[in-house]
Structures are given as structure tokens and as C-alpha cells.
Amino acid sequence: MITYKNVCKKYDDVTVVKNLNLTVHDGEFVVFVGPSGCGKTTSLKMINRLIEMDEGTIYIDDQDVNKIDGDQLRRGIGYVIQQIGLFPNLTIKENILVVPRLLKWSEEKCEARVHELLELVGMPYEENAHKYPKEMSGGQQQRIGVLRALAGEPPIILMDEPFGALDPVTRENLQDELKILQKKLHKTIIFVTHDMDEAIKMADRIAFMYDGKLLQVASPEDMLRNPADPIIKSFMSKHVSTLENQSLDLKCKDVMSTDILLITEQKKAMEIMSLMKQKEMNWAIVVDEEKTFKGTISLQNIKKQGELTGVAQDLMDTKAETILLTADAKEAFNRLMKSRAKFLVVVSENGKTVGIITKSIITEKLANVVWGDLDWVL
Ligand SMILES: Nc1ncnc2c1ncn2[C@@H]1O[C@H](COP(=O)(O)OP(=O)(O)OP(=O)(O)O)[C@@H](O)[C@H]1O
Ligand SMILES: [Mg+2]
């Protein structure tokens with residue numbers, strides 16, 4: 001548990017953190033959010049005393065951080081920053097092991113820890129441990145930055161805009177990974193961002209700061225519903241409509257396209273091509289007599305086969321995923337955004353194929369209707 005008690009920080013005559021009181025519980029993910037210069041980084045760095053406070057104190061459990069040796073304090077707290085800060089002359093393994101080595105872990109334990117951590121984020125040891133940071137992408141480096149913070153098994157991790165410098169897709173992936181890690185490892189995390197989307201996605205509770213003051217601490221949903229201050233409201237304005245619109249309760253049947261070409265498994269390539277031509281479509285869905293989904297088939301694929309004597313069953317691709325007509329449109333949206341699939345096949349509850357949802361249909365129909373503007377969704 002981390003407890004800020006009447007914490008103040010001044011630079012010359014300017015108080016940049018004003019009487020901060022806040023308790024972060026064990027295993028909680030708290031996000032400090034607010035505009036640039038509002039005091040987020042300062043508040044974070046006072047926990048591990050990279051910045052010393054002027055008044056008040058911070059307790060970790062019941063220990064006053066001001067009474068712990070600074071270096072010792074910092075070894076026990078993970079810290080991740082935007083600029084990554086990997087040591088360029090150390091391999092990935094040695095970067096990860098900086099803190100365990102300071103803690104004088106045995107070579108065996110260190111080796112096991114590196115294996116375990118790389119595995120945790122799906123980066124095999126053999127391929128990655130002996131690389132240097134410059135041989136990795138920004139996203140991979142930032143992942144290593146997170147692992148390095150976890151390496152010494154600290155119960156607390158501080159993260160200051162850790163994904164701020166990454167492209168949106170990598171950023172989204174690392175956010176997802178961090179949430180999964182957090183569920184597995186139950187760390188206490190304080191995460192700084194000035195991006196409200198990120199705060200809403202990641203936080204158990206959001207702590208909103210403005211001009212050195214903590215204006216509100218609440219779960220993302222509570223903050224969306226009851227912003228305590230007009231400034232918070234304006235910061236969240238584009239999200240408020242999201243929440244209200246959730247009552248629209250869109251289902252797959254509301255957003256799917258029924259403009260599809262169904263063909264049976266025994267249909268010959270020649271016939272399929274001519275049906276495609278009539279319908280001006282370059283793909284079709286293969287079904288059995290009961291209209292049960294069997295696969296998909298594209299014009300390109302038929303042409304690739306060269307000879308046109310085959311039947312649908314032999315030419316089709318069975319990889320496509322299906323979704324129920326009655327499922328939430330949001331689920332279809334999430335699945336499409338997360339996977340490589342270009343579309344989902346919509347099936348009714350009695351198993352009949354009834355339509356499709358593609359990325360472009362859903363972006364247009366769902367996102368545009370529900371969220372109005374798209375810039376924050378994509
Ligand atoms: N070393 C310093 N000397 C003087 N003023 C400082 C110093 N460090 C920070 N400040 C000021 O303290 C205030 C809070 O800074 P802080 O870095 O905590 O903001 P922040 O919320 O993290 O902003 P950002 O989103 O831009 O990172 C700012 O007005 C900043 O200019
Ligand atoms: Mg900052």
C-alpha cells in the first residue's frame with residue numbers, strides 16, 4: 001500500500017504539488033492523468049525519492065520513505081520511463097538483470113529469472129537474450145524496459161508515460177500485455193499518462209491532477225459518469241458520449257451486411273466464377289444444405305488453382321471465424337481489431353449463415369454511429 005500524506009513540492013516559490021493525499025492499495029492499478037505540467041511525474045518520483053518532497057510524507061505500507069536509504073528504496077521499486085533507458089552497451093539479458101545483480105542474486109536464479117520474464121512476453125530466450133537494444137524495435141525495447149522493472153520482483157512498479165513514444169498499434173499491444181501481466185502478477189502499479197484513453201483502458205482508479213492538485217480519484221466508469229470538476233468533464237467529453245451510447249446496445253445483426261453470396265460445397269469452380277461475376281463479388285461463403293458455414297472462397301484462389309474443374313469444398317479456406325447474430329457488436333469490433341481476420345461470418349442461433357461483418361462495415365456502422373468521431377477509436 002502506498003499512502004501520500006499531505007505531500008507538497010515546491011520549486012522556488014511555485015508549489016507544483018499541492019497537499020496530495022492518496023492511498024493506492026496493494027495490487028491496484030492507479031493512473032495519474034492530467035494536462036502537461038500538472039505534477040504527475042513529480043508526484044510519481046517522490047515515491048522512489050528521485051525527487052524529494054518539501055512537506056508531508058509518503059508511506060509504503062507503514063514505512064516512511066524518507067526514512068529509507070534512497071538506493072535501497074529504489075531497488076525495491078520497479079520504474080519504467082518513456083525514453084526506455086536500456087543500457088546500449090549491455091545485452092538484453094544484462095539489462096534485465098541490473099537490479100537482481102545489485103540484489104546479489106545467484107547466477108542460477110538470475111538465469112532462471114531472465115528465461116521466465118522473456119517467456120512471459122513471448123520473446124524466446126534463445127532469440128533475444130543476447131541481443132543488444134539497438135537490434136530491437138522500439139516496442140520490443142519498451143517491453144524489455146517493463147521486464148527490467150519486474151526483474152527484482154518488486155511489489156510496486158512506477159511507470160511514467162511508458163508507451164508514449166510508441167506507434168499506436170505497438171502501444172495498444174503493450175497496453176494489453178501489461179494488463180495481462182498485471183492480472184497474473186498482482187503488482188501495485190502507478191502509471192502516468194496525459195492520455196485519457198489510456199487511463200480509461202488501464203486504470204482500476206484514475207487520479208486526475210490539475211495544476212498540482214488532485215481533483216478526483218475514481219474508477220474510470222465513475223469518473224465518466226460523475227466528473228467532479230468541469231475540467232475533468234471537458235477532458236473526458238468525447239468519452240461521455242461513448243458511455244451514454246452503450247445503452248444503444250448494438251448487436252451483430254444491427255451492423256452486419258447480408259449482401260453475401262452463398263454457394264454449396266459441390267458447386268463447381270466454373271459456376272462459382274459465373275455467380276461471382278453476376279453478383280459483382282470476388283468472394284463467396286461455402287455452406288452445406290442446411291446453410292451451415294463451411295468456409296470461404298475467393299476469386300483469386302479459384303484462379304490460382306489454374307484448372308476450373310474443382311468444387312467449392314476443395315477450394316475453400318476454412319480458417320474464417322464465426323460470430324453469433326445475437327452477440328454484441330462490440331465483441332465483433334474487438335475481435336476484428338485484435339485479429340488478422342478481415343471479416344467474421346455471422347451465424348444465427350440455429351447455425352445458419354446469415355451475413356458478414358468486415359472491418360470496414362464495422363468501422364463505418366458501429367464506430368461512426370456509436371462514437372461519432374473515429375480518431376480515438378483507431
Ligand atoms: N526541476 C524543476 N525545476 C523547476 N520547476 C520544475 C522542475 N521540474 C518540474 N518543474 C515544474 O513542475 C511542474 C510539474 O512538473 P511535472 O514534470 O510533474 O509535470 P507532468 O504532469 O509530469 O507533465 P508532463 O505531462 O508534461 O510530463 C511543471 O510546471 C514543471 O515546469
Ligand atoms: Mg511528466
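Is Phe208 buried or exposed, and what is its relative accessible area? I looked it up: Phe208 is buried, at 0% (buried is under 20% relative accessible area, exposed over 50%, partly exposed in between; 1.4 Å probe, protein chains only).

I note that this is a predicted model, with pLDDT of at least 70 needed for local features and 80 or more for side-chain atom pairs, while totals for chains, interfaces and linings use all residues. Residues are numbered from 1 along each chain as written, and side-chain values use heavy atoms, without hydrogens and water.

Aromatic pairs. I searched the whole structure and got five (ring centres of Phe, Tyr and Trp, its six-membered ring, within 6.5 Å; planes under 30 degrees apart are stacked, over 60 edge-to-face, the rest tilted). Tyr4 and Phe32 make a tilted pair, 6.3 Å centre to centre with 50 degrees between the planes. Tyr4 sits in strand E1 and Phe32 in strand E3, so this pair ties together parts 28 residues apart in sequence (strands, E, at least two residues, and helices, H or I, at least four, are DSSP runs numbered from the N terminus). Tyr4 is buried at 1%. Phe32 is buried at 1% as well. Phe208 and Phe235 pair edge-to-face, at 5.1 Å and 85 degrees. Phe208 is in strand E9 and Phe235 in helix H11, so parts 27 residues apart are tied together. Phe235 is partly exposed, at 26%. I also found one aromatic cluster of Phe29, Phe163 and Phe191.

Helix H7. I checked residues 138-151. Twelve of the 14 are buried, so H7 is largely enclosed by the rest of the structure. Glu153 follows H7 with a positive phi, near 55 degrees.

Note on methods
Chains are lettered from A and ligands numbered from 1 in the order in which they are written. The expected span of a helix is 1.5 Å times one less than its number of residues.
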